[in-house]
Amino acid sequence: MQQVDEDLLSIQEARILVETARDAQHLVKEYEQKNLDAIVEKLLAEIKPDISRFLATEIKETNLGCYKDKEILMERLLKALSKELDQQLCVGNIVEDSAGNVLQVGVPLGVIPILLPAENTTLNVLYSLTIGIKSGNAMVLIPHPKAQKTTYLVFQKIREICEANGLPKGCLGCVSSLTDKGVKEILTSQDSAMILAIGNQNYINAANYQRPIIYGGTGATPVFIERSADVKKAVKAIVDSRSYDCGLLPATEQYLIAEGVIASEVRALLQEYGAHFLSKEEEKNLLALLQPKNNQINPSCVGKNAQWLAKEANIRVTSTTKVLVSEQDYMYDEDPFANEMKCPVLAFYLEPGWMHACEKSIRLLKEKNNGHTLAIHSHNKLVLKEFALKKPVGRMIVNAPASMASMGLQSTLPVSVILGGFTTGRGISAKNITAKDLTYVREISYPVESLSENKQSETKSDVETDILEKILKKIMEK
């Protein structure tokens, strides 16, 4: 029986995928924005009937999250994304002046490998390939080992739709023979222009690939309820957000900080909306299950709901429990609940005033290297301004559920499922990553003298027009 060398097979596939993508990108970079938009429009319309099938496969393969929540999120995101992409110019002539001079040209970067996470596979594959097509790039998907089947299933359908509507063959690729050496071959290839790292960060941490990297990870988000907030609305938003899709969304709240003066009200409302406060014994049981170590929790607990966690930890909760809450007197260096947890667990801290809460937020963000997103519920403009100016984060969510608002759903942020994490010390951007971030802008310069002549000419023309209007007005008056 002949033995197959998996590493060699993976390396060979990696080289073929990158070279094919490079050749296809040479063709697609000549497309005008309207051609790319037509492909994206067809993709977002024709992919909808298959979404439920993809999500069912994802849940079965990864056992992460909640099918119903994922389905609602996909529907909302596709609607918002279609609307936002229609308004974006990414490639070609993107800015010109009144005289018709081209001022800025959007240029695709080239071949972009995408490191995918295990969670929300369908969402991440669809979004990353969509913005890649919109911006005229070639994309190579690197699946997470726990979500290979789902990744390839979604990829095949997207490729089929796009190639049927004019996208060059090979512009979209996906690794099927997945090994560390094969992945390294893609990431170190001279033809890879940028790395989009949404998941599987071990590849990025292990080496310096000498490529610009957009890091779109998750963050353990602190949320502060200040005394001027609509406390009832704030608490409901936090519980709903933290429990949505079992805590898997990129910027879901994890640390809840409240002012002491509203503490009893916050506690009561948390319990009313589905939070279970853990006793010291229950905390020990839960931590034994979670086993936090090096900012990572037991993989079997990721993407599980509060009912499942409670049952496995021998904690008795009601059937309406959505979130498990650990109330902490203070934050200490070895506090296990301060580690990032992709499951519906909240750490609850009390502070005497907003200034102390401000400092607590900074400490949580810096010590755990989670400068990703911050949420605050307040109607005090002074407090909001201080938080906005001082917090080392990429985005701040005001008076809204962080998990949804951070992705631009019913908020002023750009629609995106890739949330930049520059403030965590990784990546080149802290923004919500959109198609424009996968291009560079070519600036076009013109001589100052010619611009001055144009302005003088326009001014002279305006003066002549004014004179003619005055003459006509006098004639009409006679």
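The legends below describe close-up views of one predicted model.

Residues are numbered from 1 along each chain as its sequence is written. In this predicted model, local features need pLDDT of at least 70 and side-chain atom pairs count only at pLDDT 80 or more, while totals for chains, interfaces and linings use all residues; side-chain values use heavy atoms, with hydrogens and water left out.

**View 1. The protein chain as a whole.**
The protein chain has 16 helices and 15 strands. Helices (H or I, at least four residues) and strands (E, at least two) are DSSP runs, numbered from the N terminus. Of the 478 residues in the chain, 53% are buried. Buried means under 20% relative accessible area, exposed means over 50%, and partly exposed lies in between, with a 1.4 Å probe and protein chains only. Among contacts between residues at least 6 apart in sequence, 73% join residues at least 24 apart; contact means heavy atoms within 4.5 Å.

Two strands count as paired if DSSP finds at least two bridges between them. Strand β6 (residues 195-197) pairs with β7 in the parallel sense over 3 bridges, and Ala197 has Tyr215 in β7 as its bridge partner. Axes are lines fitted to C-alpha atoms, for helices over the stretch in contact, and angles run from 0 to 180 degrees between N-to-C directions.

**View 2. The three-stranded open sheet.**
Here 3 strands form an open sheet in the order β1-β2-β15, and the pairing is antiparallel. Its edge strands are β1 (92-96) and β15 (439-443), each of which pairs on one side only. The average twist from one strand to the next is 30 degrees. Strand β2 (residues 102-108) and β1 pair in the antiparallel sense over 4 bridges. Val102 in β2 is the residue opposite Glu96. Strands of a sheet pair through backbone hydrogen bonds, either parallel or antiparallel.

**View 3. Helices α4 and α5.**
The axes of helix α4 (residues 67-85) and α5 come within 12 Å and cross at roughly 10 degrees. That makes α4 roughly parallel to α5; angles under 35 degrees count as roughly parallel, over 145 as roughly antiparallel, 65 to 115 as roughly perpendicular, and the rest as oblique. On the α4 side the contact is made by Leu73, Met74, Leu77, Leu78, Leu81 and Leu85. On the α5 side it is made by Thr122, Leu123, Leu126, Tyr127, Thr130 and Lys134.

**View 4. The nonpolar cores.**
The largest nonpolar core has 72 residues, of which Leu129, Ile158 and Leu172 touch the most other members. Helix α5 (residues 121-134) gives the most to this core, with 7 residues. Apart from this core lies another, of 33 residues, among them Ile257, Leu309, Ala338 and Ala347. A nonpolar core is a set of buried Ala, Val, Leu, Ile, Met, Phe, Trp, Tyr and Cys residues joined through side-chain atoms within 4.5 Å. Not counting residues up to four places away in sequence, Ile158 touches Leu43, Ile47, Val125, Leu126, Leu129 and Leu172.

**View 5. Ser326 in strand β11.**
Ser326 is in strand β11 (residues 323-328) and counts as buried, at 0% relative accessibility. The side chains of Ser326 and Gln328 are joined by a polar contact of 2.4 Å. A polar contact is a pair of N or O atoms within 3.5 Å; within protein, one must be able to donate a hydrogen and the other to accept it, and residues adjacent in sequence count only if both atoms are side-chain atoms. Leaving aside neighbours within four places in sequence, Ser326 is in contact with Leu278, Glu283, Phe337, Leu346, Ala347 and Phe348.

Asn399 is in the loop between β14 (395-398) and α15 (402-405). Although not a glycine, Asn399 has a positive phi of about 55 degrees, and at 27% relative accessibility this residue is partly exposed. Gln410, in the loop between α15 and β15, also has a positive phi of about 55 degrees without being a glycine. Gln410 is exposed, with a relative accessible area of 77%. Most residues other than glycine have a negative phi.
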